[in-house]
Amino acid sequence: MKHLRAFIILLIIGATSCVSRKEGVERPKIVVGLVIDQMRWDYLYRYYDLYGNTGFKRLLREGFNCENAMINYVPTFTAPGHSCIYTGSVPSIHGIAGNNWIDNATGKGVYCTDDNTVHMVGTLDPAAPSMSPKNLLTSTITDELRLATNLESRVYGVAIKDRSSILPAGHLANAAYWIDDSTGSFNSSSYYPNPNPKWLQAFNGRHQADSLIKLNWNLLLPANQYSQSLVDANQYEKSFKGEKAPVFPHKMDSLTGKNKYSAFKAMPAGNTITFNLAKACMEGEQLGAGKSTDFLCISLSSTDYAGHQFGPNSIEIEDMYLRLDKEIGDYLNFLDKYVGRGKYLFFLTADHGAAHNPQFLTDEDLPAGVMNKAITEGLNQYLKAKNGHDSIVNGFVNYQFYLDEQLIAKNGLDREKIKKEIEEFLSKKQEITYVVDLEHLSNAVLPEPLKAMVINGYHRQRSGVIQVVLNPAWYENNGATTGTTHGTWNPYDSHIPLLWYGWHVPRGQSNRVVNMTDIAATLAAMLHVQQPNGCIGVPIEGVIGM
């Protein structure tokens, strides 16, 4: 009897093993990542009462909400954010030190997706720079999915911004598409094997940007329902070119050329055309219909353009998010019909947040301010008096000062002495809380987690040598008093929404702190693929039922 029971157990185990091998690894038909550029975490709740039931509320109600998702590095900009989400890594490792940086070896400026070895496809602008993910030093979760399926999985990136499309889609993407400022159409580069398919040609042939611009930007709701914003006519907002004041309705139909498409990018219509492109890509490439899991990376850039122009307390931003709520609901319904409810994995997050306008805060008796980039001129004058040479500081980018390494080496200047002089000069500025020598971070007197964020953001070849940390509610620009920006460690920039929905995602919510680096690690665990090769994140408990 004892031997019989053992034999039966062995039969069951063997049968189970056979079933597992036959069924294969269980994965969703498609993963859709939605990154909302410059979405502050509190936008989930600031406009909650006016949201419908099919967009943000559906995700909050039926999905899993990570309430305390934090960016764990500085600077908090678009390119590092998108890179972190999809690599599970930080600038110190993945190399995307900012949207722009200075190459310390050459002293020349670099844009994050520059690549002069490829050429643009689908643009009429001969001056359009060539783009690829070459500067990204690690793999992405999209790359790892492709590798895990012997390149059968298909990966696409769509966005208005080039960097927001290229970096998430990764090195092995089938294609990435972004908008051409000269035509309002979407283009790509020769880096990809099929950058201009017939479905994209047909999509561009409909000239949707022109049609959407003609609709102008009117309020979705009656004006008296926008209770979470300042009055429409206020001093903290910047007008579109050709407007007398930044007030509704915004009439864009009279604009021409690049001014027209520049304005379009800051309108809710920019989100509309991005979602339309995402749908066209899914249908044109039949994503989600193959044997292997596909991945579509969507980034909405218009929220960022509008945020910079109008700031977080504007009716424009409130209207932008009310319209976006409807767009998300419409897109989820599309996924339900095209892929099947429960058969797709969807996540929503942001690359960074945004500060309140400093002038608005000071007018409300809150401490805030702006550091002008002209500080570099004063610093160079100070260094010239000490060392006898002009322009020792090569630039101020990403809250970091870069040295002209070639000038210093050629003239035999004392580099360590110069750094100490920079620290002396900057430490006298009341708006600066900390001055950090990035080459001696172990000696930095910084509170945690700020010290870890600075370490995570420092890349030896692409970062400056001296980092400044400004007082809370301060940021650097060229003295503008309208709109807003981002880039700092503070919660308004580093606290991001993170919502999971769909395939194998339980309903729930967690207030435990998770990091942006955990997103790719969680996706890797859910998809049963290797983590990206620079990933430092961990799977998020609750999302995958640990």
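In this predicted model, helix H12, which spans residues 302-310, packs against helix H13, which spans residues 315-340, at an angle of about 165°, and their axes lie 9 Å apart. Because angles over 145 degrees count as roughly antiparallel, H12 is described as roughly antiparallel to H13.

- The crossing in which H12 passes H13 is left-handed.
- On the H12 side the contact is made by Ser302, Thr303, Ala306, Gly307 and Phe310, while H13 contributes Glu316, Ile317, Met320, Tyr321 and Leu324.

**Asparagine 456**
- Asparagine 456 belongs to helix H18, which covers residues 450-457.
- Its relative accessibility is 18%, and asparagine 456 therefore counts as buried, since the term applies to values under 20%.
- The side chain of asparagine 456 reaches the backbone oxygen of asparagine 72 at 2.8 Å.
- Leaving aside residues up to four places away in sequence, asparagine 456 touches Asn72, Tyr73, Val90, Pro91 and Ser92.

**Helix H20 and the residue after it**
- Helix H20, made of residues 518-527, is mostly covered, with nine of its 10 residues buried.
- The buried residues of H20 include Asp518 and Thr522, and also Ile519, Ala520, Ala521, Leu523, Ala524, Met526 and Leu527.
- Histidine 528, which comes just after H20, takes a positive phi of about 60°.

Notes: Residues are numbered from 1 along each chain as its sequence is written. This is a predicted model: local features need pLDDT of at least 70, side-chain atom pairs count only at pLDDT 80 or more; totals for chains, interfaces and linings use all residues. Side-chain values use heavy atoms; hydrogens and water are left out. Axes are lines fitted to C-alpha atoms, for helices over the stretch in contact, and angles run from 0 to 180 degrees between N-to-C directions. Helices (H or I, at least four residues) and strands (E, at least two) are DSSP runs, numbered from the N terminus. Angles under 35 degrees count as roughly parallel, over 145 as roughly antiparallel, 65 to 115 as roughly perpendicular and the rest as oblique. A crossing is left-handed if the near helix is turned anticlockwise from the far one by less than a right angle, and right-handed if clockwise. Contact means heavy atoms within 4.5 Å. Buried means under 20% relative accessible area, exposed over 50%, partly exposed in between (1.4 Å probe, protein chains only). A polar contact is a pair of N or O atoms within 3.5 Å; within protein, one must be able to donate a hydrogen and the other to accept it, and residues adjacent in sequence count only if both atoms are side-chain atoms.
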